[in-house]
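Me: I've got this one open in the viewer and would like a close look at a single part. Could you take me through the helix packing and tie it to the rest of the chain?

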Amino acid sequence: MAADLWTSVVSLAGVALGGGLTALAQRSTQRSAERAEERRQIAATTESRRAEQIDVLKEFVSCAPAAERAAYRRPDPWGDDQDGWMTQTGPVMTALWTASGNVTLLCDEALREPVRTYGHALNAAVWRDIGDVEVNEHLEEAETAFMDAARASLAGA
């Protein structure tokens, strides 16, 4: 009778040990899958954020030459809306400032000052608050600083 009891106890212990090991293996596999899914989500979010940043930078970079062209087209001297310059320039500058705000909002903090400085330089060029300096000379330093900061921001993202 004692042998039958030991056989039952050993069999029960084997079943319990096997069940415990199975549960442990399933839990380990589940945690591993959860960590992998979390890493995938973080990578997807990071890539999505980078794509947003690239889009707003591209928007700002496309608005800047339009503002520069407006600065070159400005009538001299000017008063009323000569040849529709004011009518055309208003939306260009609005687009520039909107794009500038998007860069400030969505991109790295290090871009805040360069985008602001470049935007103000473009604004000064459009409204001829630059004295006798040529438009391209006035913009060169601010544009270079912005482009360098944008490149560095994207490289670090």
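Reply: Let's start with Q53, which sits in helix α1. This is a predicted model, so what follows is computed from predicted coordinates. Is Q53 buried or exposed? With a relative accessibility of 10%, Q53 counts as buried, because the cut-off for that is under 20%.

Helix α1 covers residues 2–73 and packs against helix α3, residues 112–126. The angle between α1 and α3 is about 20°, and their axes are 8 Å apart. α1 and α3 are therefore roughly parallel to each other, since an angle under 35 degrees counts that way. Their crossing is left-handed. If you want to pick out the contact in your viewer, select F60, A64, A67, E68, A70 and A71 on the α1 side. On the α3 side, go for V115, Y118, G119, L122, A125 and V126. By class, the α1 and α3 contact comes to ten nonpolar residues, one polar and one charged.

α1 has another partner, helix α2. The axes of α1 and α2 are also 8 Å apart, but the angle here is about 150°. That makes α1 roughly antiparallel to α2, because the cut-off for that label is over 145 degrees. The crossing of α1 and α2 is left-handed. The contact between them holds 16 nonpolar, five polar and four charged residues.

The remaining pairing in this set is α2 with α3. Helix α2 runs over residues 85–106, and its axis comes within 9 Å of the α3 axis, crossing at roughly 170°. So α2 is roughly antiparallel to α3. From α2, the residues involved are W85, T89, M93, L96, W97, S100, V103 and T104. They meet R112, V115, G119, H120, L122, N123 and V126 of α3. Sorted by class, the α2 and α3 contact has eight nonpolar residues, six polar and one charged. Look at V115 while you're there: V115 is listed in the contact of α3 with α1 and also in the contact of α3 with α2.

Moving past α3, you get to R128, in the loop between α3 and α4, the latter being residues 135–156. Phi of R128 is near 55°, a positive value in a residue other than glycine. R128 is partly exposed, with a relative accessible area of 30%.

Zooming out, the protein chain has four helices and zero strands, so the order from the N terminus reads α-α-α-α. How far does the chain spread? Its radius of gyration is 32 Å, well over the 15 Å that the globule rule gives for 157 residues, so the chain is more spread out than a compact globule. Along the principal axes, the C-alpha atoms fill a box of roughly 115 × 25 × 15 Å. As for contacts between residues at least 6 apart in sequence, 73% of them join residues at least 24 apart.

How values were computed:
Residues are numbered from 1 along each chain as its sequence is written. This is a predicted model: local features need pLDDT of at least 70, side-chain atom pairs count only at pLDDT 80 or more; totals for chains, interfaces and linings use all residues. Side-chain values use heavy atoms; hydrogens and water are left out. Axes are lines fitted to C-alpha atoms, for helices over the stretch in contact, and angles run from 0 to 180 degrees between N-to-C directions. Helices (H or I, at least four residues) and strands (E, at least two) are DSSP runs, numbered from the N terminus. Angles under 35 degrees count as roughly parallel, over 145 as roughly antiparallel, 65 to 115 as roughly perpendicular and the rest as oblique. A crossing is left-handed if the near helix is turned anticlockwise from the far one by less than a right angle, and right-handed if clockwise. Contact means heavy atoms within 4.5 Å. Ala, Val, Leu, Ile, Met, Phe, Trp, Tyr, Cys and Pro count as nonpolar, Asp, Glu, Lys and Arg as charged, and the others, Gly among them, as polar. The radius of gyration is taken over C-alpha atoms; the globule rule is 2.2 Å times the number of residues to the power 0.38. Buried means under 20% relative accessible area, exposed over 50%, partly exposed in between (1.4 Å probe, protein chains only).
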